[in-house]
Amino acid sequence: MAERIIVGFKRPASTSIEVDGQVIVAYEGETVASAVMAAHINEIRQSRRGHPRGIYCNMGVCFECSILEEKVGADGISRWLPQRACLLLVRTGMRLRTLAPAGEQP
């Protein structure tokens, strides 16, 4: 179980992000992977066969932490774009979705 370091470490004020409709506490500047692990979300996506997958290398090499981030384009249309949670920095108000098996995404 992942926990945040709290002793001897100064953080900015907390913020929140939304993962699959669940609001979790996060800190700007930390990675989305860190925030979801600290929130005890262990399954980030599912394999094509439906097996749970989580954070693996945590340095952007393996793509196991692929997650969808909502982006609103200049046209005002919302799109869900794949990102690697271990490389994506938290921003206030982020909306994220974990990945289901291929063919089941919006």
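Here is a short talk about salt bridges in a predicted model.

Visitor: How many salt bridges does the structure hold?
Guide: It holds 7.

Visitor: What makes E64 and R45 a salt bridge?
Guide: Their closest N and O atoms are 3.2 Å apart. The cut-off is within 4 Å, so the pair counts as a salt bridge.

Visitor: Where in the chain do E64 and R45 lie?
Guide: E64 is in the loop between strand 4 (52-53) and strand 5 (66-72). R45 is in strand 3 (residues 45-46). They are 19 residues apart, and the pair links distant parts of the chain.

Visitor: Why do the side chains of R53 and E64 count as a salt bridge?
Guide: The N to O distance is 2.7 Å.

Visitor: Why is E64 called buried?
Guide: Its relative accessibility is 14%. Buried means under 20%, so E64 qualifies.

Visitor: And why does R53 count as partly exposed?
Guide: R53 has 33% relative accessibility. That lies between the cut-offs of 20% and 50%, so R53 is partly exposed.

Visitor: How do you know that K71 forms a salt bridge with E69?
Guide: The closest N and O atoms are 3.7 Å apart. This is within 4 Å, so the pair passes.

Visitor: Are K71 and E69 buried or partly exposed?
Guide: E69 has a relative accessible area of 1%, under 20%, so E69 is buried. K71 has 32%, between 20% and 50%, so K71 is partly exposed.

How values were computed:
Residues are numbered from 1 along each chain as its sequence is written. This is a predicted model: local features need pLDDT of at least 70, side-chain atom pairs count only at pLDDT 80 or more; totals for chains, interfaces and linings use all residues. Side-chain values use heavy atoms; hydrogens and water are left out. Helices (H or I, at least four residues) and strands (E, at least two) are DSSP runs, numbered from the N terminus. Buried means under 20% relative accessible area, exposed over 50%, partly exposed in between (1.4 Å probe, protein chains only).
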